[in-house]
Amino acid sequence: MPKPSRRRKRGAGDDDDDAHAKNGKRPAASVLTSLDVNDTPRLELPLFQLNGDPRPDDEEEEEVTGGGGSSAPEAEAAAGSGQSPHQQRRLWVKDRSRAWWEQCSSADYPEADFRAAFRMGRATFAVLCDALGAAVAKEDTALRAAIPVRQRVAVCVWRLATGEPLRLVSKRFGLGISTCHKLVLEVCAAIRNLLMPRFLRWPDAGAADAFKARFLADSGVPGVVGAIYTTHIPIIAPKVSVAAYFNRRHTERNHKTSYSITLQGVVGPDGAFTDVCIGWPGSMPDDQVLDRSALQQRAAAGMMAGSWVVGGASFPLTDWLLAPYAHPNLTWAQHAFNEKVADLRRVAVDAFARLKGRWACLQKRTEVKLQDLPVVLGACCVLHNICESRGEEMDPALRCDLADDETLPENPVRSEAAAKARDDIAHNLLHSGRAGTKFF
């Protein structure tokens with residue numbers, strides 16, 4: 001028995017549907033009908049609250065809804081659920097863990113662990129936050145709450161102390177990568193603008209006399225107000241003037257292409273910086289960096305009269321800069337003088353070793369742009385002075401061994417009067433019993 005046919009009779013409208021189907025188009029009435037049908041309500045994804053910077057970073061997305069853009073089905077669904085059809089602006093963000101920072105900022109976090117992470121104790125960190133609060137604080141917005149001042153400062157200090165890449169800083173503090181980068185630059189700029197005039201400045205007349213007395217008691221060399229040293233900070237090869245930043249001496253020693261900028265500074269008897277010159281290309285020798293520094297301008301204005309700054313063999317002898325004898329076949333008095341200069345200069349070498357050890361970002365090639373590096377390096381010097389003035393002890397294991405090569409200047413003696421003064425100091429050291437016996 002044949003099976004009954006289930007084919008329905010074709011109407012007049014069916015031929016039109018088939019014709020549109022063959023042409024790959026659907027009639028407008030059919031499209032509108034499908035839009036009006038909404039059997040299942042749309043699910044709202046959960047929103048995460050972000051305590052971060054108002055500017056979204058590379059891992060944040062922003063969705064704007066509301067106004068008059070709601071469709072009829074959405075309005076009907078909202079009306080059925082008791083919600084307003086006009087929705088507010090919302091921010092979609094990536095959920096990140098802030099467990100580490102919340103643990104560090106808690107009162108029961110061990111002081112030793114806090115000092116190991118931030119290179120300073122809680123009391124010094126609180127002083128730093130209070131000093132920078134007005135400059136780095138932000139107001140809450142309609143989208144999210146502002147990052148607290150303590151967390152902003154902590155992001156910068158931890159980044160400078162560890163030198164870790166921004167992606168790891170982001171994971172530590174539960175913030176976006178670009179947000180962390182922006183915080184580091186903002187806090188460093190605030191340190192330079194607000195704290196550098198207070199904590200890194202040339203000594204006034206009273207402080208200079210105190211410095212001279214301390215150096216005289218330690219070495220027997222009169223009139224010394226500080227010791228100068230130059231170190232190199234590694235950088236990524238710049239896109240312009242590559243040859244100027246090429247560090248030939250570091251490249252030959254390490255057998256690896258090296259680019260750097262210079263950091264030249266004067267250090268007082270307490271190990272704190274009193275003057276810094278930052279940012280000149282790594283191919284420039286120490287004497288040329290000195291000629292372009294504010295210290296040289298101060299000396300040219302007559303502000304260094306009656307004072308000595310002690311340098312190494314890479315610096316020239318001038319009316320205010322005391323350098324060791326560099327020629328061969330030295331006399332006993334000249335040997336003794338060079339020993340005393342090395343002892344005085346050790347103050348600056350130790351300060352730079354602590355600076356690089358305390359702020360490990362100075363030992364690594366950084367992601368910071370070349371034009372922003374002087375601000376970051378200046379902030380490190382200011383933070384070093386704050387830690388030194390507050391007696392913050394540094395873990396000896398963090399000390400950095402410096403490897404800065406010295407080259408003799410083209411003109412090692414620039415003043416005959418300074419040469420005679422150096423001979424007199426060497427003679428007095430030998431005949432006053434302050435020369436020592438290392439050269440025998």
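How many cavities of 30 Å³ or more does a search of the whole structure find?

Tutor: Two cavities of that size turn up in the whole structure. This is a predicted model, so local features need pLDDT of at least 70 and side-chain atom pairs count only at pLDDT 80 or more, while totals for chains, interfaces and linings use all residues. Residues are numbered from 1 along each chain as its sequence is written, and side-chain values use heavy atoms, with hydrogens and water left out.

A cavity is a set of points, on a 1 Å grid over the protein atoms alone, where a 1.4 Å probe fits but cannot get out; lining residues have an atom within 4 Å of a point. Grid points are joined across faces, edges and corners, and a volume is the space filled by probe spheres set on the points.

Take the largest cavity. Its volume is about 80 Å³. Arg 159, Leu 160, Ile 233, Pro 234, Cys 361, Leu 362, Lys 364, Thr 366, Val 368, Leu 373, Val 376 and Leu 377 form the lining. Helices (H or I, at least four residues) and strands (E, at least two) are DSSP runs, numbered from the N terminus. With three residues, α16 gives the most. By class, the lining has nine nonpolar residues, one polar and two charged. Here Ala, Val, Leu, Ile, Met, Phe, Trp, Tyr, Cys and Pro count as nonpolar, Asp, Glu, Lys and Arg as charged, and the others, Gly among them, as polar.

The second largest cavity holds about 50 Å³ of space. Around it stand Tyr 229, Thr 230, His 232, Asp 286, Ser 314, Phe 315, Arg 345, Asp 404, Asp 405 and Glu 406. β3 gives the most to this lining, with three residues. The classes here are two nonpolar, three polar and five charged.

Next, the core. A nonpolar core is a set of buried Ala, Val, Leu, Ile, Met, Phe, Trp, Tyr and Cys residues joined through side-chain atoms within 4.5 Å. Buried means under 20% relative accessible area, exposed over 50%, partly exposed in between (1.4 Å probe, protein chains only). The largest core has 67 residues; Phe 118, Leu 128, Leu 132, Leu 160, Phe 173, Leu 355 and Trp 359 touch the most other members. Helix α16 (residues 373-389) gives the most to this core, eleven residues.

Now an open space. A pocket is an open set of points with protein on both sides within 12 Å along at least five of seven lines. The second largest pocket has about 420 Å³ of space. Of its 21 lining residues, Pro 234, His 250, Asn 254, Ser 258 and Gln 363 are the closest to its centre. β3, α12 (248-254) and β4 (259-267) each give two or more residues to this lining. β3 gives the most, with four.

Last, a residue in a loop. Leu 408 lies between α16 and α17 (416-431). Leu 408 counts as exposed because its relative accessibility is 57%. Its C-alpha atom is 7.2 Å from that of Phe 315, 93 residues away along the chain. Phe 315 is one of the residues lining the second largest cavity. Beyond neighbours within four places in sequence, Leu 408 is in contact (heavy atoms within 4.5 Å) with Ala 313 and Ala 326.
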